[in-house]
Structure formats: structure tokens, C-alpha cells
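Hi,

Here is the model I said I would pass on to you. Have a look at it first, and my notes follow below.

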Amino acid sequence: MRTLILLAVLSLIVSPAFAQKYISWEAENYDAINGEKFQTFETPSDQPGNAGEGVDDYTVAEASGGAFIGSANGAGNDGGDWVKYEFSVEADDWHFWGRVIAPSVADNSCYWALDTVDGDVTSTNDGPMNIWDFYEAGELRENYTTDWVWFRLNSRNGPFEGLELTQHGDDPVPVELSAGEHTLHIAHREDGTYIDQIFATTDIEFDPNETNPQTAVEPQNKLTTTWGALKSGF
């Protein structure tokens, strides 16, 4: 029963046209939250810029599901606050993506951990924790924007070697997951960073910046259909 409820939240997506598998969920549909820095914002949402980084005040006009999470500039950095997502997959190599707004070098990262107990989730880049960077590499910083962009999961010194350039290169590194239930924690690092959706696929070639994942695959909307697709589609 617990698995069925989780699948309803995750809105599992399986495409009959492709052998690859996909899952996605709204960032605001977390399963647990710790602390007060993460907020849910409904669109349109006026956000303070970052004067120190030359970012003017701006409006987030749209978001998938009409909402997104993050902390507005001025909320402060780090703090150990987190959100947790629970999901279930078939054993495979999975490529995770996040739809993110990262307007400057001071508003462009969060921490993350997979399959870590709540008590071990901290705002540190050690142990099970990793930093997810968005345009952190110097040659990418010209791309800072207040628009939504899909970023492949990356880390500075965790399961992936190097910075985000490794993850966006010709041979991106997947996350190897066993069959069954897993968790993804996203922990607070920098205010002014916002997350709208999480998407994962076994298709190494798929880029949600080029093809909207909501239109690339056929969603199975009913709970019974979703559960059937999970068991037969993998």
C-alpha cells in the first residue's frame, strides 16, 4: 500500500514507444521536510534579486504544476534544512535532472544525497552529501538566467568525477540504482536557488532542455494503470 501511495505522488511515466524508462515528480511534492528555509512558491511569484551579483528583482511567471520550491534571497545559506523524495525503480543506470533557476554564482547550488537516513543529511560536502552545481564552472557562468533550465545531476567530489562539465559532456555518468525503493534528499545550500521538477531516465541521450519530458513520454495518470505499467513495463 505504501508503494502505491508513493507512485501516485511520483506520477510514474513509462513510454510504450521506447525501451528506456522514466520517472518524474514535482519538487513541491516532497515526502518529508526538515527546517524552515525551503518554501513552496506559487506562480506568478515575485522574487528578490541579488544586488551584489547584479541580479535585479524578477518574477517567476510559470512553473510545472504552478509551484516550485527554494528560499528567497535573504533567507541565508546552509542550515541543514532539507526535503526528501521517495521513489521506486527497476535496477538500472539512471540519469537524474532538475529544472532549476540559478541566477548568479551566489544562487546556484544545493546539496543532495541518495539513500541516506534523515539524521545523516547535513549542509556539508562530505560523507553522504554532494553539491549539485548549476553553471558553477567558470566557462558556464555567462549562462546565468532567471529562466528555468534543466541541469543533469552532478557533484564536486562524490560519485561523479569533477564538476558539472563532466555531467554535460559526451559521456555523462549515471547513478546505478538497485531495484526497489530509494530516497533523494535535497539539502539547502544557497538562497535564491529554485527547483521546479525532478526527472530521471535510463536514456543517456535524453536531454529535457531539448524535449519536454512531459511530452516525450506518455503519462499513466490512474493509480491502477501506473502500478500495472511499473510491473509490466520494466
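Of the contacts between residues at least 6 apart in sequence, 78% join residues at least 24 apart; a contact here means heavy atoms within 4.5 Å. Please keep in mind that this is a predicted model, where local features need pLDDT of at least 70, side-chain atom pairs count only at pLDDT 80 or more, and totals for chains, interfaces and linings use all residues. Residues are numbered from 1 along each chain as its sequence is written, and side-chain values use heavy atoms, with hydrogens and water left out.

The chain has four helices and 14 strands, taken as DSSP runs numbered from the N terminus (H or I, at least four residues, for helices; E, at least two, for strands). Buried residues account for 52% of its 234 residues. Buried is under 20% relative accessible area, exposed is over 50%, and partly exposed is in between (1.4 Å probe, protein chains only). The chain exposes about 10,400 Å², with 45% of that supplied by carbon and sulfur atoms; the areas come from the Shrake-Rupley method with a 1.4 Å probe, and for residues only the protein chains shown count as cover.

**Strand β14 and its partners**

Strand β14 covers residues 194-201, and eight of the eight are buried, so the strand is largely enclosed by the rest of the structure. Strands count as paired if DSSP finds at least two bridges between them. Strand β1 (residues 22-26) runs antiparallel to β14 and is joined to it by five bridges, with E26 opposite Q197. Strand β6 (residues 67-70) is also antiparallel to β14, over two bridges, and there I69 faces I195. Strand β8 (residues 92-102) pairs with β14 in the antiparallel sense through seven bridges; W97 has F199 as its bridge partner.

**The five-stranded sheet**

An open, antiparallel sheet of five strands has the order β2-β7-β13-β9-β10. Its edges are β2 (32-34) and β10 (130-133), each pairing on one side only. From one strand to the next the twist averages 30°, using axes that are lines fitted to C-alpha atoms (for helices, over the stretch in contact) and angles from 0 to 180 degrees between N-to-C directions. Within the sheet, β7 (residues 82-89) and β13 (residues 180-187) are joined by eight bridges, and V83 stands opposite I186.

On strand β10 sits N130, which is buried at a relative accessible area of 6%. A polar atom of the N130 side chain lies 3.3 Å from the backbone oxygen of P128. That is a polar contact: N or O atoms within 3.5 Å, where within protein one must be able to donate a hydrogen and the other to accept it, and residues adjacent in sequence count only if both atoms are side-chain atoms. Beyond its neighbours within four places in sequence, N130 touches residues including W112, N125 and S155.

**Nonpolar cores**

A nonpolar core is a set of buried Ala, Val, Leu, Ile, Met, Phe, Trp, Tyr and Cys residues joined through side-chain atoms within 4.5 Å. The largest has 32 residues, of which F87, F96, W132, L184 and I186 touch the most other members. Elements giving it two or more residues include β1, β7, β8, β13 and β14. Apart from this core lies another of ten residues, among them F41, V55, F68 and Y194. Leaving aside neighbours within four places in sequence, I186 is in contact with residues including F38, D81, W132 and I195.

**D81 and a few backbone details**

D81 belongs to the loop between β6 and β7 and is buried, with 8% relative accessibility. Polar atoms of its side chain lie 2.9 Å from the backbone nitrogen of E36 and 2.7 Å from the backbone nitrogen of K37. D81 and K37 are 44 residues apart along the chain, and their C-alpha atoms are separated by 6.3 Å.

Most residues other than glycine have a negative phi, and most peptide bonds are trans.

- T43 and P44 are joined by a cis peptide bond, with omega about -5°; P44 is in the loop between β3 (39-42) and β4 (45-47).
- D78 has a positive phi near 55° and is partly exposed at 29%.
- D115, in the loop between β9 and β10, has a positive phi of about 55° and is partly exposed at 42%.

Best wishes
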